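Start with the strands, then go on to the core and to individual side chains.

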Amino acid sequence: SLLWKLPLVAVNHCIAHIEMGRVATQASDPVVLYVSGGNTQVIAYSDGRYRIFGETIDIAVGNCLDRFARVVGLSNDPSP
């Protein structure tokens with residue numbers, strides 16, 4: 001930033017993913033179940049901002065799904 005004399009721009013990683021989906025689907029006011037390895041949140045977009053309606057405080061849904069897949073022997077390989 002200092003070298004190139006450009007400002008740093010803070011980016012919320014979660015919101016960046018949701019915004020890509022919002023743009024791709026052209027949804028105006030989505031309600032999203034955001035499931036990541038360490039986060040599970042119900043988020044809604046309204047009046048130009050995101051609001052969190054609920055989130056886990058223990059095991060995230062993403063971690064739960066990963067553990068379930070390991071127990072039943074499902075591959076974690078994302079290739080087709």
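Strands β1 and β2 run antiparallel and are joined by five bridges; two strands count as paired if DSSP finds at least two bridges between them. Strands here are DSSP runs of E with at least two residues, helices are runs of H or I with at least four residues, and both are numbered from the N terminus. The model is a predicted one, in which local features need pLDDT of at least 70 and side-chain atom pairs count only at pLDDT 80 or more, while totals for chains, interfaces and linings use all residues. Residues are numbered from 1 along each chain as its sequence is written, and side-chain values use heavy atoms, with hydrogens and water left out.

Val35 has Thr40 of β2 as its bridge partner. On to the next pairing: six bridges connect β2 with strand β3 (residues 49–55), again in the antiparallel sense. Tyr45 is bridged to Tyr50 in β3. Two residues lie between the strands in the hairpin of β2 and β3, where Asp47 takes a positive phi near 55°.

Strand β2 is largely enclosed by the rest of the structure, because five of its seven residues are buried. Buried means under 20% relative accessible area, exposed over 50%, and partly exposed in between, with a 1.4 Å probe and protein chains only.

Which residues form the largest nonpolar core? They are Cys14, Ile18, Val32, Tyr34, Ile43, Tyr45 and Tyr50. At least two residues of this core come from each of α1, β1 (31–35) and β2 (40–46). A nonpolar core is a set of buried Ala, Val, Leu, Ile, Met, Phe, Trp, Tyr and Cys residues joined through side-chain atoms within 4.5 Å.

Gln41 is in strand β2 and is buried, at 11% relative accessible area. Its side chain makes a polar contact of 3.1 Å with the side chain of Glu55. Such a contact is a pair of N or O atoms within 3.5 Å; within protein, one must be able to donate a hydrogen and the other to accept it, and residues adjacent in sequence count only if both atoms are side-chain atoms.

Arg22 belongs to helix α1 (residues 13–25) and counts as buried, at 19% relative accessibility. Arg22 lies over the face of Tyr45, 3.9 Å from the ring centre; the criterion is NZ of Lys or CZ of Arg within 6 Å of the ring centre and within 35 degrees of the ring normal.
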